Amino acid sequence: MSRYDAATIEAKWQQAWDEAEVFRARPDPDRPKYYVLEMFPYPSGNLHMGHVRNYAMGDVVARYKAAQGFSVMHPMGWDAFGLPAENAAIERNIHPGEWTYANIANMKQQFASLGLSLDWSREFATCDPDYYGQQQALFIDFLDKGLVYRKNAVVNWDPVDMTVLANEQVENGRGWRSGALVERKELTQWFFRISEHSEELLTALDGLTDWPEKVRSMQANWIGKSQGLRFAFDLTAPAGGQEKIEVYTTRPDTLMGASFVGISPDHPLARALEAENPEIAEFCAECRRMGTSEADLETAEKKGFDTGLKARHPLDPSWELPVWIANFILMDYGTGAIFACPAHDQRDFEFSRKYGLPIKSVFVPADAPAEAGPEYLDQEEEAFVPAKTDAVRYVMGFAGTPTTGEEGVAAAIAAAESAGWGAGVTQFRLRDWGLSRQRYWGCPIPVVHCEACGVVPEKKENLPVRLPEDVEFDRPGNPLDRHPTWRDVPCPACGAAAKRETDTMDTFVDSSWYYARFTSPGAATPTDRAEADYWMNVDQYIGGIEHAILHLLYSRFFARAMVICGYLPESAKEPFNALFTQGMVTHEIYQTRDDRGRPVYHLPSEVTDGKLENGTEVEVIPSAKMSKSKKNVVDPVAIVTRFGADTARWFMLSDSPPERDVEWTSAGAESAFKHLSRVWRMTSELAAHAEAGGEIGDDDLARATARAIRDVTEGIEGFAFNTSVAKLYGFTNTLHKSKAPNADRVRALRVMAQLMSPMTPHLAEEIWSLLQGEGLVAQATWPKADPALLVEANVTLPIQINGKRKAEISVAKDMPKAEIEALVLAHEAVQKALAGSAPKKLIVVPGRIVNVVV
RNA sequence: GCCCGCGUGGUGGAAUGGUAGACACAGGGGACUUAAAAUCCCUAGGCAAUGCGCCGUGCCGGUUCGAGUCCGGCCGCGGGUACCA
C-alpha cells in the first residue's frame, strides 16, 4: 500500500486552486462579503513558526467563511519599511530596497508552500512607490484638514555616530554601535493630532464588543482620561522670566500634604535657570543623559535638585514650598510640573525620604486610632495609597469632610473653583503621534521648505516623492540629508529654489491604512470609494497581542482621519469589527558555555536527547518566544519539507488555545503527521467503496457525525481551533472503530474531509477527491448537523454530597425534578450519607447535577 | 516603575459557577514480526492499597449548596511602555 505523500498532494491541489482562481476576491451581489485579515508580516527574509500559526488561523476563518457562503476577501502584503533593512545595508553593503524585495520574493515562495487561501492579486509592499505615494497624498490631505502639525520633541541622540537612535538601539543608556552615552536632543518634528480624538477613541471602545476585553482595557488605560485640578503656585520672587508654576494634579485633596513643587528638567523655568546656574545646568545635563523611554525614566533612580526658589501654597500664602527639579517629571505630561505629596504617593515618599523633605498625612485609614494625625506615617516604610473609593479619615483636608479619596478630589476641585484659584479639567495621557524619522528607509514626508513660503506641501501631481536609489550607508546618519541633489527642488508655491524635507515617516503610518488599500490596491487615489464601501470593514482581524496598543490605536485614528478626508465611509471609522490576538510560538532554549563562561546557544536541530552531536550536554532553559538571538527557532520550511504544510498547520492549530502561547516540540509535529497519515490510510482503504451521496444509515455513526459537525463548527466559531482539532481526533477514533457498512463510513469520512478542510486543506481535498466528492472541497458548502441526531434520550447526573461527587444516576433527559429527587434520595450512597436524617438541602440542576447537603 | 494578561498530571492542554484532567505527546503493558520500524489493543493525576478512602487546578484568604472558573491579597512568568515591528 502506498503511503501519505504530502509533497505530491500539496503541490497538486495548490495548482488546482490557482487554476480555478478559487481565492480571488470579487464583489458578489448574491452573497454577503467577509473580509479576513491577518497582520501583514515584516519581510525579514524567512517565515517563522509565529507566521505559520498566525496565517493558519486566518486561513481557517477564511476557508470556513467561504464554505458558509460568504464572498471572502483574504489579502496579503508586506510591512516593508523599517530599521532592519538599513542595518542590513550597513552590515552587508546592500541597498535596503534590494534586500527587502529579495526577502519578499523568498518569503512569498515559503508562503505558497503553506497553501493559504490568499488573494495574491491584491499584494503590495509598503515600500512600493505606488503605495507610499498614496500615503503621501493622504499626508497632504491631513495637512489640509489640520490633522498634522510641527512642534519640537526629544529624540535619543548618539553624539559619536551623530545619529538618532530608536529606543531599542539604546542599551543601558548607550548607543548600541558606538557605545556612547546617549543624550536627549530636541528636534522639530511632524505630529498627527491623535490626542484631539482622545475622547472619541476612548468612548468608541465600548462599541468594539468583538474585541478582546484586555485590548480595550489596555487602550483605555493608554488614553488615560483623568479628572483633576489645574492651578498655579506663585513664586515668591520672579525667576527665569516666570512668576508662577502651573501644575496639574489628579489628587488636589492632598494639597495640604504638599512638601515641594517639582518641575521637569525640560520645563521652561528649568531651562531658564540652567543658563544662570552652572550647578543646575550640570544636573539638567545629567537628566538628559538618559534615553527617552518611559520604562527607563520610571525605573531610573529618582534624583532631584533644590533650585533654592520658593513657591507660595495657594491655601496659605505664608507657607513657602521649595522648588525642585526632578528627573522623573516628564515635560510631555500635564504641565511638566507637579506638587509632591509624599504621604500618599510612593514615588514622592521615597524622594522625600532621600532628600529629608517633610511627610505629612492628609488622611489616615478609617480605622486608625483617634489620635492619628499628620504625623501618622512618621515611622512607616511606605506611603499610604488606598483605592480612591476606600473609606479614609481626613486629618488635613481643606474642603468639607469627605469619607473617600473620590469625594475628597471632587470637593477640592469645587472648593478651588469657587475660591477662584484653580479649575477642574479633564486630561488625557495620550500624546500626539510623532511621525518624523531621521532615516532613509521610510516614506518621504512630502513637503518642501522654502525660504519665502515656509513649509509647503508637494503638489499631488508630483507624487510619489520617490526615495533616491543612489545612496551610501558607509557612515551613520540619514543618507537623504547628505544626498548631493535629491533635496534640491523648486518650491511648489513660488517656484524658487527650495529644499525637500529629509525626514521619513514612522512605519506605523504604513500599517495604519493598508487594510483600506487592500480594497483597491491599484487605485489612483488612496482608496476607490465604491470598493472601500463594499469591502470595509475588516470583519475579522488577527494578529499578535504585542500590537494591542500602538498599531491598533493608530489604525483607529487613521480610519477616522480617512473618513474626514472622504476616503472611507463613516461606518469604517472603527475599521476592525472583530479582533483576535494570538499567542506566540515558543521553544526551549539550548545553551552551553564557552571557555570564558559566556553562553553559547544551539539550534534545536543540532540537539538530540539533550546532547550536541559531539556528545556535549546542553543546559535546557524553559521555553521563550522564538528568537534568532537565542537560536530557539524552528524553520517552517524544514517542517514543510519533511512532513508537509498540512502537518505544520495541524500542529500549530492543535493543543494550545489560539490566544495562548504554544510550545513547538518535534514530538508534537511527529504526532500530527502520524494522525494525518492515519486519516489518509483510512481513506485509501475506503476509496474502493466510494459511491454517490446518500444519508448515513448506521445510527451510531450518524449521531457521531452530527456531533462532530456541531463541535468542530463551535470550535471554529469560538476561535478554539484546538478543541476543533481534538474533536476531529475523536471523530477519527470513532470512525476507525465503527463497524458500520463501508458506504456509511465513506459518507462519514467525506464529512470529515469537509470539517478538516479549513485546517488541512490539501489532505481534505485529496480525501474528497478519492471519495468522489463533487467539485473542490474548498468550494463545497459547510455541512449541517441534523438536529434530530443531536438529541440525547438519557443524561448522566452526577450526585454530589456536600459538593463532592459520590455517585451518578442515568435518567431520561426530560424527567421531572420531583422524580429525580425521589431517585436521588433512594440512592444507596445518599442513604448512607444521610444515615436516617433528612437532607438540609437538595439542589437539582436539571440535565446537569444534583447536590445533597447533609 | 506603571498598564494588561497568564499559572491545571511527566508534557501540550479540556472543562456555559455544576463529574477536574476531554483530546494528544512522552511512559508502562500486550498483539503482530525471526527482529526492528510501522501499525493495532490495553493502561495511565498523586498518596494509599486492591471494594471503598484521602489529597489535588501557583500560594493565602473570601463568596457559594457547589470555585480551575467569581472577589481580595501575595508569588512567578510573559506582552506593552509612545523611534523594534
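Me: What conventions apply to numbering and to the values?

Reply: Residues are numbered from 1 along each chain as its sequence is written, while chains are lettered from A and ligands numbered from 1 in the order in which they are written. The model is predicted, with local features needing pLDDT of at least 70, side-chain atom pairs counting only at pLDDT 80 or more, and totals for chains, interfaces and linings using all residues; side-chain values use heavy atoms, leaving out hydrogens and water.

Me: At what angle do helix H3 and helix H4 pack?

Reply: Helices (H or I, at least four residues) and strands (E, at least two) are DSSP runs, numbered from the N terminus. Axes are lines fitted to C-alpha atoms, for helices over the stretch in contact, and angles run from 0 to 180 degrees between N-to-C directions. Here H3 (residues 83-92) and H4 (residues 96-113) pack at about 115°, with axes 8 Å apart. That makes H3 roughly perpendicular to H4, given that angles of 65 to 115 degrees count as roughly perpendicular, under 35 as roughly parallel, over 145 as roughly antiparallel and the rest as oblique.

Me: Is the crossing of H3 and H4 left-handed or right-handed?

Reply: A crossing is left-handed if the near helix is turned anticlockwise from the far one by less than a right angle, and right-handed if clockwise. H3 passes H4 in a right-handed crossing.

Me: Which residues of H3 and H4 meet?

Reply: Contact means heavy atoms within 4.5 Å. Pro84, Ala85, Ala88, Ala89 and Arg92 of H3 meet Pro96, Trp99 and Thr100 of H4. By class there are six nonpolar, one polar and one charged residues in this contact; Ala, Val, Leu, Ile, Met, Phe, Trp, Tyr, Cys and Pro count as nonpolar, Asp, Glu, Lys and Arg as charged, and the others, Gly among them, as polar. In the loop between H3 and H4 sits Asn93, whose phi is positive at about 55° although Asn93 is not a glycine.

Me: How do helix H22 and helix H23 cross?

Reply: The axes of H22 (residues 742-756) and H23 (residues 761-770) come within 8 Å and cross at roughly 155°. H22 and H23 are therefore roughly antiparallel to each other, and their crossing is left-handed. Leu749, Arg750, Ala753, Gln754 and Met756 of H22 make the contact with Pro761, Leu763, Ala764, Ile767 and Trp768 of H23. Eight of these residues are nonpolar, one is polar and one is charged.

Me: What does H1 do against H23?

Reply: H1 (residues 6-20) packs on H23 at an angle of about 85°, with axes 9 Å apart. H1 is thus roughly perpendicular to H23. Among the H1 residues in contact are Trp13 and Trp17, and among those of H23 are Pro761 and Leu763. The contact holds five nonpolar, three polar and four charged residues.

Me: How many residues surround RNA strand B?

Reply: A residue is near a molecule or strand if one of its heavy atoms lies within 4 Å of it. RNA strand B is surrounded by 67 residues, with Asp79, Asn167, Glu294, Arg439 and Asn851 the closest. They divide into 23 nonpolar, 21 polar and 23 charged. Helix H21 (residues 721-737) gives the most to this surface, with six residues.

Me: Which protein atoms lie by base nitrogens of RNA strand B?

Reply: A polar backbone atom of Arg431 is 2.9 Å from a base nitrogen. For Ser436, a backbone N or O atom lies 3.4 Å from one, and for Gln800 a side-chain N or O atom is 3.4 Å from one.

Me: Where are cis peptide bonds found?

Reply: The Leu463 to Pro464 bond is cis, with omega near -5°, and Pro464 is in the loop between strand S20 (454-457) and strand S21 (488-490). Met536 and Asn537 are also joined by a cis bond, with omega about 5°.

How values were computed. A polar contact is a pair of N or O atoms within 3.5 Å; within protein, one must be able to donate a hydrogen and the other to accept it, and residues adjacent in sequence count only if both atoms are side-chain atoms.
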